[in-house]
Amino acid sequence: MASISINCPCGNRFTVEEPTAENNFTVVCPFCGTQFRIKPRGVSRKEYNKAKAPSAADQVATRVRKCELASGILWLIIGAVQLVLVWSAAAGVWNIINAILRLRSVKNIYAGNPAVVPWYDDRRNWLIAFAIVNLVLGGVVGVLLVAFDWWVRDFALKNRAVFEGSPSQSA
């Protein structure tokens, strides 16, 4: 089996054995944990496409990641509008900080990352505080977005096996 050299977006370069169909042609950066799917030479496109189809666990993680990204962007927009409306500026600052934290965390949401479940588990009190601050200072739109965040939290916790790596993964 041949070795290949990979440049990771984290800035590190590493060498690994060519991936095979058994591991879905996936390699993992030893520095940051980013997963890559690579089509080795000599593998047909049909075989590669069949192996690279996302698993149920990957689909759950992708759904959570997309919801968090959308939520982060919406919180950023709401926060910016609240800053402009002076009377809700305190909620705006709060929401912008939340958006930045959320957008930074999106890259860490992937199947098999055991840190995802505790992160969502610890968010219950944070979401309640968020709902109160947005209801008192920011208005109903923020409360609706908190409801969406609560749904994402429940979905992630319901599918905890995806992130904890248990054999019985939900979808």
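**Aromatic contacts in a predicted model**

Trp-75, Trp-94, Trp-126 and Phe-130 form one aromatic cluster. This is a predicted model, where local features need pLDDT of at least 70 and side-chain atom pairs count only at pLDDT 80 or more, while totals for chains, interfaces and linings use all residues. Residues are numbered from 1 along each chain as its sequence is written, and side-chain values use heavy atoms, leaving out hydrogens and water.

Visitor: How many aromatic pairs does the structure hold?

Guide: Seven aromatic pairs. Rings of Phe, Tyr and Trp (its six-membered ring) pair if their centres lie within 6.5 Å.

Visitor: Why is the pair of Trp-94 and Trp-126 called stacked?

Guide: The centres are 5.3 Å apart and the planes at 15°, so the pair is stacked. Planes under 30 degrees apart count as stacked, over 60 as edge-to-face and the rest as tilted. Trp-94 sits in helix α3 and Trp-126 in helix α5, 32 residues apart. Helices here are DSSP runs (H or I, at least four residues).

Visitor: Why is Phe-130 called buried?

Guide: Its relative accessible area is 1%. Buried means under 20%, exposed over 50%, partly exposed in between (1.4 Å probe, protein chains only). Trp-126, at 36%, is therefore partly exposed. Trp-94, at 30%, also counts as partly exposed.

Note on methods: Helix = DSSP H or I, 4+ residues; strand = E, 2+ residues; numbered from the N terminus.
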